[in-house]
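Hello,

Here is the structure you asked about. My notes on it follow below.

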Amino acid sequence: MGHELRTLLWLQGRLLRNSLRRGTAQDTGRVVGVLLLGLLLVPGLLVIAVIMGVGLRLTDAVGGGHILALAFSFLLLIWLTTPASHQQITEPLDLTRLFHLPVAFRHLVLGSLLLNSIGLAALSTGFFLLAAILGYMRTAWQMVPMTVSVLLFFGVVVVLKAIVDDVLALAAADRRLRLLIVVISLAPVLLIIYGQLWFQVGFFLDGPPPEPQALLRQVDLLRWLSWLPSGWLAQAFVALRQNAWEAWLGWTMALAAVLVTGLGLHVRLMRQLFFGDLWRLAVRRRAAVRQTRIGGWASALGRRRPWLGDLLMLLYKDWLNFVRSPMTARLFFLPVMLCLVAYFFGRLPLPGWGIGLGLAGLTAFFVTLMAHNQLCTYDHIGIAALLLSPVPRPLILLSYGLLNLAVAVVLVLAAVLAAWLARRDAVLLGYALSAIVPLQLVCNGLTHLTGLIFPYYMDLERGQAPLNEAKASFFTVFSAILGMPLLTAPVMLLMGLGRLLAPGWWSVFLLLALVYGVAVYGLLFKVAVWLFPAREESLVEIMLARR
Amino acid sequence: MRPGTSACPTMTPIIQTYGLVKTFGTLVAVDHLDLAVSAGVMFGFLGPNGAGKTTTLKMLTGLMRPTAGTALVAGYDVVRKPLEVKRRIGVVPENLGLYERLTADEYLELVGRLHRLDEATIARRRDRLLERLDLADRRHDLAVDYSAGMKKKLVLAAALLPNPPVLFLDEPFEGVDAISARAIKDLLLSLVRQQKTTVFFSTHIMELVEKLCDEVAIIDHGRLIAQGNLEALRHQAAIHGQASLEEVFLRLVRAEVNQGDHLDWL
């Protein structure tokens, strides 16, 4: 038994060590990233843990309990969302790769738990939990029962993460199911976004901010988070400070019960994985019928204007890739976040046209950041095949730009509807919808260029540029972030200043902004079309090298 | 004597299945498969795409639980004694399952450790395998920088490291260049002839099977439709004379090969 576990630990050590190693490919960016993370994150977490510990010493039992509930819930969230976000420093220790080797099932289960219990996430969790104990205890004897509760909580987060890992691996064979599970497992991020916006709206807009102690009581996090294991641990701590032993025992037993149930579930899921019983959704497939219909329309259009038929098929292909891309699923929370921001904006004492303009700018920013890695088309993986076909290159760019524009218009509409809940203002609606078109047009032009000049392969499943693509991905993101404010500033100025300086002439300024958007897009589009033949080889090479 | 063989309760046949079934919902991937493979043969497992080859291989290597039926490898039930089976087999799986941020040296060390080989044995066998499979020059490079063919050779080296009595290879020649393919063929043949290793492999390359294999099984729609040497297959397909394996295969799976007359634009 010890031999297998020692070997798994050895494997984990090698993967960690090799994450600092450059392959023959130039993955310097990755190595630098890992080093920076190690050098900044760990001391950073240590500092935050110390601040929390000091804060706990200064608060009373219940006030401290609120802080603990928040901190423990944050830890729980990090552990639960890590597997689906793929934000891991080392190559994940995917134990399914060992299934064909002679490793006993029980060792794989133990290994999965042991290896999750060590590493950066475990280390930072350890800092926080230690700081929580040292900061919150008031007598030495409280340390022992607090440690018991903390160890159980640590076991719970490790087991829950293992369960999320199992579920993702079991769903790996079914694209729809996998996307669904990624969406569900990332959903807690929404809780944070919603929670902090609710917090801001509730406490800072509706009056002067209260004192921190009063604020904690008013929010009553301890009560709100009592449905989570993190809340139970905080409740156990509070009970100890109040000498309520029965309550402590109750909350601690609840943690133990979740741990035991979670362990049972993990073993059950891992057994399914071990014997290849992967999950699949039974879905009726209708895409083929739809494709035939659209193919018919494209042929009909193509008889009159061949390029229109081609464009329709490209658009359909881009749309399918957009809705099926794991990247879209991973970014599902962007529209929700945008709507929440819109609602928040709607409550601000700002003019409606300003809010509309701001929402349009934010939407264009989101869409462009989301699209910057799509290699001039939403069909990221199929670009090589597309470039080996005689399809007119300008149409590839045009289809991509049109879809981007459509996505931006739909997003801004959703945002405006959310803002409408806070403020019934037609000006807001008009401005948001008018501004999004020129803003997204110039951003599309920019994306065409960055995609062609710094093309790179994006692992859509993980949402990362793997290994040797880090430099190109940095330049693409950097040029998109730098270029966006420069190119969109005239639109914002024309529409914003126009409204301020000559309110009666706002439609003229809107028209001017639209003309600017079309002109800039036309210019950048022309440059991209001119550049395309010279970059084709690089695009094909990048995609083929990674497949 | 290679490790583990003395513990085998039976030696021939070394792979046996009885009424093996695997279903995915309403789809029957493997349908009552009865297979017997003698020890020390090169066994080719053929079938059209989606015939159930990979599913069968997964069940035989303990990577998938059969819906019904029994499979024995080296005398052990793959469901009841998966660990005993895995100690006696080497596998080149469909998706190679490499840790890409390990070097070839490290990956082979991992496999050797999990097979409980001592360090000296791991080092000796690793050096010879890497030399033989032409990976010695790149042994310290991370696997992520290897070509597809090199990765396949590395996984093959890992399968051979513990010197198992049975090798399961899923498309072992896919993506491998001609020189390496020759090296792999020679290596596998020497294993079968000299060490009496059983090599069970699936492939689509008929010429290779015809040249290498002592025995062949053909499955279609999850069902075994023929098994034996080429002569026996010709007999089962009711073909007389010197028909090639490809012709026999096409006859047995009743494949209708379109002659291209419908592709009027070509």
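Between chain A and chain B there are 11 residue pairs in polar contact, both residues at pLDDT 80 or more. A polar contact here is a pair of N or O atoms within 3.5 Å; within protein, one must be able to donate a hydrogen and the other to accept it, and residues adjacent in sequence count only if both atoms are side-chain atoms. The model is predicted, so to speak of local features pLDDT of at least 70 is needed and side-chain atom pairs count only at 80 or more, while totals for chains, interfaces and linings use all residues. Residues are numbered from 1 along each chain as its sequence is written, chains are lettered from A and ligands numbered from 1 in the order in which they are written, and side-chain values use heavy atoms, without hydrogens and water.

The largest share, nine residues, comes from α1(A).

In total the contact (heavy atoms within 4.5 Å) takes 37 residues from chain A and 35 residues from chain B. About 3300 Å² is buried between the chains, 58% of it from carbon and sulfur atoms; this is the accessible area (1.4 Å probe) that the two parts lose on being put together, summed over both. In chain A, His100(A), Pro102(A) and Phe275(A) lose the most area to chain B, together 23% of what that side buries.

Five salt bridges link chain A and chain B, each a side-chain nitrogen of Lys or Arg within 4 Å of a carboxyl oxygen of Asp or Glu. One pairs Arg14(A) with Glu106(B), with the closest N and O atoms 3.2 Å apart.

The axes of α1 (residues 2-18) of chain A and α3 (residues 104-114) of chain B come within 10 Å and cross at roughly 170 degrees. The two helices are therefore roughly antiparallel, the word used for angles over 145 degrees. Residues making this contact include Trp10(A), Leu11(A) and Arg14(A) of α1(A), and Glu106(B) and Leu110(B) of α3(B).

Two backbone details remain. Asn243(A), in the loop between α11 (229-241) and α12 of chain A, has a positive phi of about 60 degrees although it is not a glycine. Lys196(B) has a positive phi near 60 degrees, and lies in the loop between α6 (178-195) and β8 (198-202) of chain B.

Regards

Methods
Axes fitted to C-alpha atoms, helices over the stretch in contact; angles between N-to-C directions. Helix = DSSP H or I, 4+ residues; strand = E, 2+ residues; numbered from the N terminus. Parallel < 35°, antiparallel > 145°, perpendicular 65-115°, else oblique.
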